[in-house]
Amino acid sequence: MDTHAMLAIFLPLSLGLAAFGSALGLGKAVAAAMEATARQPEAATKILVSMLTGCAFIEALTIYALIVVFNLSGKIG
Amino acid sequence: MHETVESGPPEILNWIHLLSKATAPSAFSDFLMTWEHVIFAGIVISLISFVSISISKNIQLIPGRAQALLELLISGLDGIVQSVIGPRGRTYTPFVGSLFIYIFISNIFGLIPLQNSTMAFLTTVAPIAICVFLYVQWVGITKNGIPGYLHHLCGSPQDIFGWLVAPLMFPLHVLGEFIKPLSLSFRLYGNIMAGHVLLAVFMGMGIQMLKPLHIPAGVPLHFPFLFLELLVGVIQAFVFTLLSTIYIAMMLPHEEHEHEVHAQTTH
């Protein structure tokens with residue numbers, strides 16, 4: 001298998017793996033935020049803000065993988 | 001208006017590309033392509049400067065619409081900074097607030113047709129993160145003093161055990177300081193760049209769909225994603241600002257902070 005084929009197979013796969021982990025994390029974060037909002041609706045704005053910042057952190061991990069994929073995708077040819 | 005280029009990840013066409021293509025084999029065209037990011041940064045900076053200078057020229061006690069808007073924005077930023085650092089955090093509001101305004105306006109500016117966001121390029125995002133890094137170190141050195149700064153980098157050891165692991169903590173903290181700007185810039189750049197690529201991909205799909213008709217138009221498939229990009233632009237600007245504030249707060253001496261909190265609760 002040459003480099004092009006390997007890149008073509010594993011670049012999307014790596015992005016999928018990163019997205020899988022992020023999805024689990026996001027699901028947990030949003031579920032906890034929902035629960036918290038249901039328990040204490042008056043704190044909804046505060047919870048939303050901290051949830052969004054947390055989500056941005058979690059998403060950033062996938063974005064790192066995405067940057068790598070974009071940088072290497074030119075080499076697939 | 002919306003086209004994708006063939007090589008590399010798809011890009012949204014902007015006016016600098018158009019101008020550069022129109023004046024193709026010339027030094028001016030090369031100049032445009034080389035300094036594309038900086039030109040967009042310059043546009044955004046001059047826009048912000050022009051608006052804020054023209055509004056703050058005649059400040060009135062009873063604010064007009066524009067002044068009220070800016071005051072609302074700045075008091076909101078001040079509130080965020082003070083909620084993270086504490087009452088003494090007001091000193092850092094100008095720096096952190098400028099970061100937020102610049103990043104936010106850039107992100108929104110990038111969604112205007114034929115414009116691009118400077119935040120979609122690492123070459124213009126990295127300097128902002130480096131500014132944050134240098135500012136945080138400067139705050140750490142001036143507020144703690146050089147011994148206090150080194151003490152902080154050793155993990156603020158209090159007892160004998162803390163001093164024992166200090167040689168281990170020191171490289172970790174130094175490394176952490178250098179990783180902070182890296183993750184800051186990659187997060188912002190990656191999010192905005194990925195958003196633009198997403199938009200470009202869907203624009204390309206929309207153009208492909210109407211290609212058999214031979215009309216210069218496309219289905220605006222990317223339209224729903226514009227709202228996502230608006231959201232991402234605001235959130236990323238906010239996250240960048242919040243993280244910079246947290247880095248500054250972490251660098252500040254701790255005892256004073258606890259003392260202040262204590263004083264607040266007793267009052």
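Guide: A residue is buried if 20 or more other C-beta atoms lie within 10 Å of its own, exposed if 12 or fewer, and partly exposed in between, with C-beta atoms placed from the backbone. Helices are DSSP runs of H or I with at least four residues, strands are runs of E with at least two, and both are numbered from the N terminus.

Visitor: What kind of model is this, and how are things numbered?

Guide: The model is predicted: local features need pLDDT of at least 70, side-chain atom pairs count only at pLDDT 80 or more, and totals for chains, interfaces and linings use all residues. Residues are numbered from 1 along each chain as its sequence is written, while chains are lettered from A and ligands numbered from 1 in the order in which they are written.

Visitor: Which residues are buried in helix 3 of chain B?

Guide: They are B:F40, B:A41 and B:V44. Seen down the helix axis, the buried residues fall within an arc of 105°, so they line one face of helix 3 of chain B. The arc is taken over the directions from the helix axis to the C-beta atoms.

Visitor: Which exposed residues are on the face turned away?

Guide: That face of helix 3 of chain B carries B:G42, B:S46, B:S49, B:F50, B:I53 and B:S54.

Visitor: And what do the buried ones pack against?

Guide: Helix 5 (93-109) and helix 6 (122-153) of chain B. Contact here puts the C-beta atoms of two residues, placed from the backbone, within 7 Å.

Visitor: Let's go to helix 5 of chain B. Which residues are buried there?

Guide: The buried residues are B:T93, B:V96, B:L99, B:F100, B:I101, B:I103, B:F104, B:S106 and B:N107. Their cover includes helix 3, helix 4, helix 6, helix 7 and helix 8 of chain B.

Visitor: How many residues are in the largest nonpolar core?

Guide: It has 35 residues. A nonpolar core is a set of buried Ala, Val, Leu, Ile, Met, Phe, Trp, Tyr and Cys residues joined through C-beta atoms within 7 Å. Those with the most contacts inside the core are B:F100, B:I103, B:M119, B:L188 and B:F240.

Visitor: Which elements give two or more residues to it?

Guide: Helix 2 (44-73) of chain A does, together with helix 4 (65-85), helix 5, helix 6, helix 7 (160-209) and helix 8 (223-251) of chain B. Helix 8 of chain B gives the largest share, 7 residues. Apart from this core lies another, of 5 residues, among them B:I12, B:A200, B:F202 and B:M203.

Visitor: What does B:F202 contact?

Guide: B:F202 is in contact with B:L221, B:H222 and B:F225, leaving aside neighbours within four places in sequence. B:F202 lies in helix 7 of chain B. With 21 C-beta neighbours inside 10 Å, B:F202 counts as buried. The C-alpha atoms of B:F202 and B:H222 are separated by 5.0 Å, though these residues are 20 apart along the chain.

Visitor: Where does helix 7 of chain B bend?

Guide: At B:A166, by about 55°. A proline, B:P167, follows within four residues. The bend is the angle between axes fitted to the seven residues ending there and the seven starting there.

Visitor: What about B:F170, what does it touch?

Guide: B:F170 is found in helix 7 of chain B. B:F170 touches B:L153 and B:C154, not counting residues up to four places away in sequence. With 14 C-beta neighbours inside 10 Å, B:F170 counts as partly exposed. B:L153, in helix 6 of chain B, is partly exposed too, with 19 other C-beta atoms within 10 Å.

Visitor: Last one. How many residues of chain A are in contact with chain B?

Guide: 11 residues of chain A are in contact with 11 of chain B. The chain A side has 8 nonpolar, 3 polar and no charged residues. Ala, Val, Leu, Ile, Met, Phe, Trp, Tyr, Cys and Pro count as nonpolar, Asp, Glu, Lys and Arg as charged, and the others, Gly among them, as polar.
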